[in-house]
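Reader: I have some questions about the terms used for this structure. Please set each value against its cut-off before you conclude.

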Amino acid sequence: MRNSHAKKRIILPDPKFNDELVTKFVNNIMLKGKKNLAFEIFYKAIDIVEEKTKENGIEVWKKALENVTPSVEVKSKRVGGTTLPVPEEIKPGRKQSIGMKSLISFARKRLEQTMADKLAQEIMAAYKSEGAAFKKKEEIHRMAEANKAFAHMRS
């Protein structure tokens with residue numbers, strides 16, 4: 001594995017919406033290999049979102065995911081004896097992954113009863129461009145903006 005990259009795994013689309021993005025999201029929700037439970041949580045959350053917003057749940061979820069996905073991040077780079085925060089563009093795959101993980105992690109921290117309720121509330125908050133996951137994205141962008149002076153040090 002020294003000089004080779006790991007092969008990209010093929011992700012099958014989910015059974016209900018026939019969408020690979022849903023499967024990736026469910027894989028991030030999943031704990032201890034319980035994929036059926038993760039699918040159940042996601043589908044219940046989408047149903048709750050549809051019920052409360054009176055809109056297509058998947059479209060709301062995709063818009064919410066888009067709202068919490070950062071486009072730049074700050075990476076530490078060692079220059080001389082100091083470590084400088086350098087803003088960099090994020091690759092599309094990592095961008096998507098960061099968005100999903102932040103949406104799920106902040107949903108887990110919410111105070112609602114079930115995980116489906118927590119996820120639904122976080123999705124609706126992100127859809128309206130508010131909530132903890134959206135704030136995290138804003139924070140990342142603010143950090144990159146503040147350290148724009150070091151952008152020329154990108155490698």
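Reader: What makes E112 and R110 a salt bridge?

Author: This is a predicted model, and every value here is computed from it. The closest N and O atoms of E112 and R110 are 3.7 Å apart. A salt bridge needs a side-chain nitrogen of Lys or Arg within 4 Å of a carboxyl oxygen of Asp or Glu, so the pair E112 and R110, at 3.7 Å, qualifies. By this rule the count comes to eight salt bridges.

Reader: Why would such side chains pair?

Author: Side chains of opposite charge can pair when their charged atoms come close.

Reader: Why is E112 called partly exposed?

Author: E112 has a relative accessibility of 28%. Buried means under 20% and exposed means over 50%, with partly exposed in between, so E112 at 28% is partly exposed. R110 has 25% and therefore counts as partly exposed too.

Reader: What makes E122 and R110 a salt bridge?

Author: The closest N and O atoms of E122 and R110 are 2.8 Å apart. The limit is 4 Å, so this pair also counts as a salt bridge. The pair links distant parts of the chain, 12 residues apart: E122 is in helix α5 (residues 115–127), while R110 is in the loop between α4 (92–108) and α5.

Reader: Why is E122 called buried?

Author: The relative accessible area of E122 is 1%. Buried means under 20%, so E122 is buried.

Reader: Which residues does E122 touch, not counting residues up to four places away in sequence?

Author: E122 touches L103, F106, A107, R110, G131, A132 and A133.

Reader: What makes K148 and E145 a salt bridge?

Author: The side chains of K148 and E145 meet at 3.0 Å, N to O. That is set against a limit of 4 Å, so the term applies to K148 and E145.

Reader: Which residues do salt bridges that share partners join into one network?

Author: The network consists of R110, E112 and E122. R110 forms a salt bridge with E112 and another with E122.

Reader: How do you know that S102 is buried?

Author: S102, which is found in helix α4, has a relative accessible area of 4%. The cut-off for buried is under 20%, so S102 is buried. Not counting residues up to four places away in sequence, S102 touches V68, A133 and K136.

Reader: Why is α1 called roughly perpendicular to α2?

Author: The axes of helix α1 (residues 20–29) and helix α2 (residues 35–53) come within 9 Å and cross at roughly 115°. Angles of 65 to 115 degrees count as roughly perpendicular, so that is the term for α1 and α2. The crossing is right-handed.

Reader: Which residues of α1 and α2 meet?

Author: V22, T23, F25, V26, N27 and I29 in α1 meet K35, A38, F39 and F42 in α2. The residues of this contact divide into seven nonpolar, two polar and one charged.

Reader: Which residues of α1 and α4 meet?

Author: L21, K24, F25, N28 and I29 in α1 meet Q96, M100, K101, L103, I104 and R108 in α4. The contact of α1 with α4 has six nonpolar, two polar and three charged residues.

Reader: How do you know that K32 is exposed?

Author: K32 has a relative accessible area of 84%. Exposed means over 50%, so K32 is exposed. K32 lies in the loop between α1 and α2. The phi of K32 is positive, about 55°, although K32 is not a glycine.

Reader: What makes K54 exposed?

Author: K54 has a relative accessible area of 71%. Since exposed means over 50%, K54 is exposed. Its place is in the loop between α2 and α3 (57–67). K54 is not a glycine, yet it has a positive phi of about 60°.

Key:
Residues numbered from 1 in each chain as written. Predicted model: local features only at pLDDT ≥ 70, side-chain atom pairs only at ≥ 80, totals over all residues. Heavy atoms only, no water. Axes fitted to C-alpha atoms, helices over the stretch in contact; angles between N-to-C directions. Helix = DSSP H or I, 4+ residues; strand = E, 2+ residues; numbered from the N terminus. Parallel < 35°, antiparallel > 145°, perpendicular 65-115°, else oblique. Left-handed = near helix turned anticlockwise from the far one by under 90°. Contact = heavy atoms within 4.5 Å. Nonpolar A, V, L, I, M, F, W, Y, C, P; charged D, E, K, R; others polar. Buried < 20%, exposed > 50% of the residue type's maximum accessible area, 1.4 Å probe, protein only.
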